[in-house]
Amino acid sequence: MSHHGRMHQSGPDVAASGSETPADRHHHRRVTSFRTRRSTLSPAQQATWDRRWPEIGMHARDGDVPAPRLDTATWFGRSAPVVLEIGCGTGTSTLAMAKAEPHLDVVAVEVYRRGLAQLLSAIDRENVTNIRLVRGDGVDVLQHMFGPDSLTAVRVFFPDPWPKARHHKRRLLQPETVALIADRLRPGGVLHAATDHAQYAEHIAEVGDAEPRLRRVGPDGDLPVSVQRPVTKYEGKAQHVGSAVTELLWEKAS
Ligand SMILES: C[S@@+](CC[C@H](N)C(=O)[O-])C[C@H]1O[C@@H](n2cnc3c(N)ncnc32)[C@H](O)[C@@H]1O
């Protein structure tokens, strides 16, 4: 089974109870690229969360109210190019890439609290200073928390492929989201997507190529961020069963 099969079950919507926030309930009313999962933390994770979240974490919404535009210079305590990663999962790539590029500031978005808690604990343990976390929908974050031309890169690694035709509308990388990403990237900024799902890869390639502000580039070009990803646990599994990983890169036209 590939990583996405593990992260999400298909079939009728099963919303986890008990850990829902008003934001979760709000999302049930519209089509999103994710489903709510149970998010119980271990006592150690919860303690780290309580200690560090107020400083390095934010919610994308408070009920129906989206968070205001982000002042990244204040949040990170410096002015540096900003990278947004949508759907960071447990943050394996986020952490490795942020450590490899300490001159970049990384905002990692995820709806899955347990994933964020795992990343938060690693950030705490390893004293990483250039990652901030947002819990919520990456589309909300793009729409409300960032302005035009503000991002140096947007990373989307192994987005849920929603393989059934009737679920395709749930896919994150659609023309509207890619247009929003193109708007939020600064000229020369990069959209980096990776997937092990062949049909989703084709869909993403078509959608990205159709966006007039984006130009497809190769990994060896003169890019403002590294496109070297570590192999995640899920990807390791995918490679094991023989699915090829497709890397897709675009640059925003200057
Ligand atoms: C298959 S996992 C991949 C996780 C990670 N990028 C990796 O490579 O291991 C996809 C993740 O995207 C998250 N996700 C899906 N839609 C999202 C959205 N609109 N905003 C934020 N996170 C989202 C899911 O909760 C899930 O954890």
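## Talking through a predicted model

Colleague: What percentage of the 254 residues in the chain is buried?

Modeller: Happy to start there, with the reminder that this is a predicted model. A residue counts as buried when its relative accessible area is under 20%. Of the 254 residues in the chain, the buried share is 55%.

Colleague: How many helices and strands are there in the chain?

Modeller: Both kinds of element are present, and we will meet several of them by label below. The chain has 10 helices and 10 strands.

Colleague: Are H3 and H6 roughly parallel or roughly perpendicular?

Modeller: Helix H3 covers residues 43-56 and helix H6 covers residues 113-126, and their axes come within 9 Å. The axes cross at roughly 80°, and angles of 65 to 115 degrees count as roughly perpendicular. Therefore H3 is, relative to H6, roughly perpendicular.

Colleague: How do the residues of the contact of H3 with H6 divide by class?

Modeller: On the H3 side the contact includes Trp-49, Arg-52, Trp-53 and Ile-56. On the H6 side, Leu-116, Leu-120, Ile-123 and Asp-124 are among the residues taking part. By class, the residues of this contact come to 7 nonpolar, 5 polar and 5 charged.

Colleague: Is Trp-75 buried or exposed?

Modeller: Trp-75 belongs to helix H4, residues 72-76. Beyond its close sequence neighbours, Trp-75 touches residues including Ile-56, Met-58, Leu-70 and Leu-133. Its C-alpha lies 8.3 Å from that of Glu-55, 20 residues away in sequence. Because Trp-75 has 15% relative accessibility, it counts as buried.

Colleague: Is Arg-155 buried or exposed?

Modeller: Arg-155 is part of strand E7, which spans residues 151-157. Setting aside neighbours within four places in sequence, its contacts include Glu-85, Glu-101, His-192 and Ser-226. With a relative accessibility of 3%, Arg-155 is therefore buried.

Colleague: What separates the C-alpha atoms of His-192 and Ala-153?

Modeller: His-192 is placed in strand E8, and at 2% relative accessibility it is buried. Although His-192 and Ala-153 are 39 residues apart along the chain, their C-alpha separation is 7.4 Å.

Colleague: Where does Phe-158 lie?

Modeller: Phe-158 is not a glycine, but its phi is positive, near 55°. Phe-158 has 11% relative accessibility, so it counts as buried. Its place is the loop between E7 and helix H8.

Colleague: What is the phi of Trp-162?

Modeller: Trp-162 is found in the loop between E7 and H8. At 6% relative accessibility, Trp-162 is buried. This residue is not a glycine, yet its phi is positive, at about 40°.

Colleague: Which elements do the buried residues of H8 pack against?

Modeller: The buried residues of H8 are Thr-177, Val-178, Leu-180, Ile-181, Ala-182 and Arg-184. They pack against both helices and strands. Those elements are H7, E7, E8, H9, E9 and E10.

Colleague: Which residues are closest to the centre of the second largest cavity?

Modeller: The second largest cavity holds about 70 Å³ of space, and 10 residues line it. Its lining has 3 nonpolar, 2 polar and 5 charged residues. Closest to the centre are Arg-35, Thr-36, Arg-37, Val-111 and Arg-135.

Key
Residues are numbered from 1 along each chain as its sequence is written. This is a predicted model: local features need pLDDT of at least 70, side-chain atom pairs count only at pLDDT 80 or more; totals for chains, interfaces and linings use all residues. Side-chain values use heavy atoms; hydrogens and water are left out. On a 1 Å grid over the protein atoms alone, a cavity is a set of points where a 1.4 Å probe fits but cannot get out, and a pocket is an open set with protein on both sides within 12 Å along at least five of seven lines; lining residues have an atom within 4 Å of a point. Grid points are joined across faces, edges and corners, and a volume is the space filled by probe spheres set on the points. Ala, Val, Leu, Ile, Met, Phe, Trp, Tyr, Cys and Pro count as nonpolar, Asp, Glu, Lys and Arg as charged, and the others, Gly among them, as polar. Axes are lines fitted to C-alpha atoms, for helices over the stretch in contact, and angles run from 0 to 180 degrees between N-to-C directions. Helices (H or I, at least four residues) and strands (E, at least two) are DSSP runs, numbered from the N terminus. Angles under 35 degrees count as roughly parallel, over 145 as roughly antiparallel, 65 to 115 as roughly perpendicular and the rest as oblique. Contact means heavy atoms within 4.5 Å. Buried means under 20% relative accessible area, exposed over 50%, partly exposed in between (1.4 Å probe, protein chains only).
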